[in-house]
Structure formats: structure tokens, C-alpha cells
Amino acid sequence: MRRGTVAAVTATTVIGAGAAAVAAGRYAGDVALKPSPGHPFPGDSRLTVHSAAGDRIALTRSLVSLRPGTYGLSGAGCHAVVGPVVHGGPHPADAVVRRLERVTHGTLRPGARMRLTPQVHIGNPHDTLGITCADVDIPGELGALPAWFVPGARDTWVIAVHGIGTTREHPMVVLPFLHHHRFPVLVLSYRNDPGAPRTADGIHHLGETEWRDLDAAIRYAVRYGARRVVLYGWSAGATMALRAAVNSALGHRVSGLVLDSPVLDRDATVRALAAARRIPRALLPLAVRAAEGHTGLPVDRPADAVDPEELDVPVLLFHGPEDLLAPWDASRRFAARRPELITLQPVPHAPHAAMWNAAPDRYEETLRRFLTPLM
């Protein structure tokens, strides 16, 4: 074979391999970043229902089923709410008994495969919690953003925004608390959520573009009477809150931030999402590089979400050392940069975005102390 022909074949092979790697990376990045409520997070596993009777449910014994606190229990055609582990009663050695608070949808059957989820409630605040609310549309740059508005007497509004893998039903865990303290609350759906405008790529940008929908919610709140707003976000919703606080033209109206399990290290979160969705290990670096391209961030820019030096309002940050999706160390470093402004509240034994679930009473007392000066 002539030297030129050999070189051409080699080049074609290299180009073909490179194109395949790029395509594989794009696929992996898309899988990691597609909004997908109900898909597992790292460390999330299915539990088998052994039995369910009265106010008790027996589940597969594991570290997941032994988690303290209150969770949703979700499976095909069924949703329930389970409370703490019940100790002392008879049960099989391979099972854990928890308090069964209620079955909200479907029927719990022995053998059903279910997941614990931080999303406790399904439905809307009125039907689920008995809290008056209105369906509103917030004008966003891509179109109308559906939201729930819960009225309250104060002129400080709370704008709540969910994160990866959940919907606006997730923030309902704190609605009774906020309603009791008379805060008006906007619970926001944003781009690529069910019922919200879709982007051309249909993927989550981990707050890099989504924050503009939160900015639209701030404008809406101010237009309808808010003098100040507290931004309250979970997971990538917390990242949106950080970006809105430093980038919004109405940032001066933001009086505080509540961040639950914030995504502060983009690359680590993309790797964890891709791994949880069974992307082969060899493709994880390519998934991260593809995600950098998707989100529009240059590869030489640090993966951290926001420089804490840019913040000028108090921040309450809930996070757990056992979070496998958004690294705890990133939150610890973030808080250490501005200890006079950022209060880090560690929550042990809690998976991602489940800080309230692990210890509801302690969580709400910490929240009360933080919000009282901002009322």
C-alpha cells in the first residue's frame, strides 16, 4: 500500500474514532442532563414492599430503608408517605418496618418495587395540603412559566424552585411552615418542566440559563407587591437562586437565600448523574466535556457555580455529608469563604435534596431562626 494511501486510511480511522468519541460524549451528556423526574439518583435503590397494613409498612432492609425521617415512597402507579423507622415490633430479619403515614395514590402490594424520594406530596397545595393557592403564569423569556401562588400577609415573598429529578411538588414540604409564618410564596416551574416552555436542546443547564426564569419570577413578585424576596432553591434550583442573586437587575430586592443541597461543582454532579443512569465509566470524562459545551461554559472556567465573594445577603445552606450527587465538600468550602454571611447547617443521614426529610422539626426551626430577621 502506498504511503499516501496508508496515511489517508490512518487519518480516516482517527477521524472516525474521534467522531465516535464525540458522539458518545454527547449521548452521555444528554442522558445525564435530561430532566427526568422519577429517575434514580446515585445511591438510590429500589425497595421491595414485604407487607403494608394499617400504619405499618415493611420494606427491604438496607441503608436506604433505614434512613431517618419522612419520605415519599414511589413506584409504578403508586405513591405513599412513610415516616420514621419503627423499632421493637416483630418483623422479618431482612425487612425494616416504617410508619405508613398515608397512601396518596394507587395500592401498596407485597412485592411492589418502590423508591424513597424527597418528594413527599403529589398534586397541588390546595388539594394536598388544604392551603389556598392560585395557578399563575409568569412571563418568561421563552414563554409563560406556570407557578403556584400562595397568598400571605407579609411584603417579603419566598420564591421556591425545585431541582434535578423533581417537580414543583417537591417544595410543598415547606409550604405549611411558610404559610404558617404568613409569607406569600411563589412555587415555580421553569424551562423543560411539564407544562413549561421547552428549549431547543431539551436539557438541564444546571442553572446556567435556568436562572433567568427565576429572574422572571422576581420581576413578577415585585410587580404584584413584594418589597423583598427570599430565594429558596433545592439542588440545581439552589444554583439558580445563587445566579439570580448576583445577576438579576432586581438583585437588590433579594434579602436572603436558602440553599438546600446546592449544585456547586458542576463536573462532579454531571459525573454522578451519568453514572447513576448507567453511562459506562469510560465515557464519564466525555460526558463532562459534552456538558460543558451544552451549558455554554468554557472548559477553562472553574466548575463552581458562583463566587461567594459576589454575595451580599445572608445565606442559609442545608447540606449533608452523605450527598452523592452534589458534593458536601463543595458546600463546606463555599461557606468557609464567607463565614460572616453563609450559615452551613449539616444534615447527617440525608441523601441529595432530602435535608427536610431527614429531620423536619430541626430543619424548620433552623429555617425559622434564619427567616425571622428577614420578615
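**Figure 1. Ser 261 in the loop between strand 12 (254-260) and helix 6 (266-276).** Helices (H or I, at least four residues) and strands (E, at least two) are DSSP runs, numbered from the N terminus. The model is predicted: local features need pLDDT of at least 70, side-chain atom pairs count only at pLDDT 80 or more, and totals for chains, interfaces and linings use all residues. Residues are numbered from 1 along each chain as its sequence is written, and side-chain values use heavy atoms, with hydrogens and water left out. Ser 261 is not a glycine, yet its phi is positive, near 55 degrees. Ser 261 counts as buried because its relative accessibility is 0%; buried means under 20% relative accessible area, exposed over 50%, and partly exposed in between (1.4 Å probe, protein chains only).

**Figure 2. Asn 192 in the loop between strand 10 (185-188) and helix 4.** Asn 192, although not a glycine, has a positive phi of about 75 degrees. With a relative accessible area of 7%, Asn 192 is buried.

**Figure 3. Thr 167 and His 170 in the loop between strand 9 (156-161) and helix 3 (175-180).** Thr 167 counts as buried, at 16% relative accessibility. From C-alpha to C-alpha, Thr 167 lies 7.3 Å from Ser 189, and the two are 22 residues apart in sequence. His 170 also counts as buried, at 1% relative accessibility. Leaving aside residues up to four places away in sequence, His 170 touches Pro 118, Gln 119, Trp 234 and Ala 353; contact means heavy atoms within 4.5 Å.

**Figure 4. The crossing of helix 4 (residues 211-223) and helix 5 (residues 236-247).** The two axes come within 8 Å and cross at roughly 60 degrees. Axes are lines fitted to C-alpha atoms, for helices over the stretch in contact, and angles run from 0 to 180 degrees between N-to-C directions. Helix 4 contributes Trp 211, Leu 214 and Ile 218 to the contact, and helix 5 contributes Met 240, Ala 241, Arg 243, Ala 244 and Asn 247. These residues divide into 6 nonpolar, 1 polar and 1 charged (nonpolar: Ala, Val, Leu, Ile, Met, Phe, Trp, Tyr, Cys and Pro; charged: Asp, Glu, Lys and Arg; polar: the others, Gly among them).

**Figure 5. The buried face of helix 8 (residues 328-337).** Trp 328, Ala 330, Ser 331, Phe 334 and Ala 335 of helix 8 are buried. Seen down the helix axis, they fall within an arc of 160 degrees and so line one face of helix 8; the arc is that of the directions from the helix axis to the C-beta atoms. The buried residues of helix 8 pack against helix 5, strand 13 (315-319) and strand 14 (342-346).

**Figure 6. Leu 73 in the largest nonpolar core.** This core has 47 residues, and those with the most contacts inside it are Leu 73, Leu 108, Tyr 363 and Leu 371. A nonpolar core is a set of buried Ala, Val, Leu, Ile, Met, Phe, Trp, Tyr and Cys residues joined through side-chain atoms within 4.5 Å. Not counting residues up to four places away in sequence, the residues that Leu 73 touches include Ile 57, Leu 59, Val 82, Leu 108, Met 114 and Leu 116.
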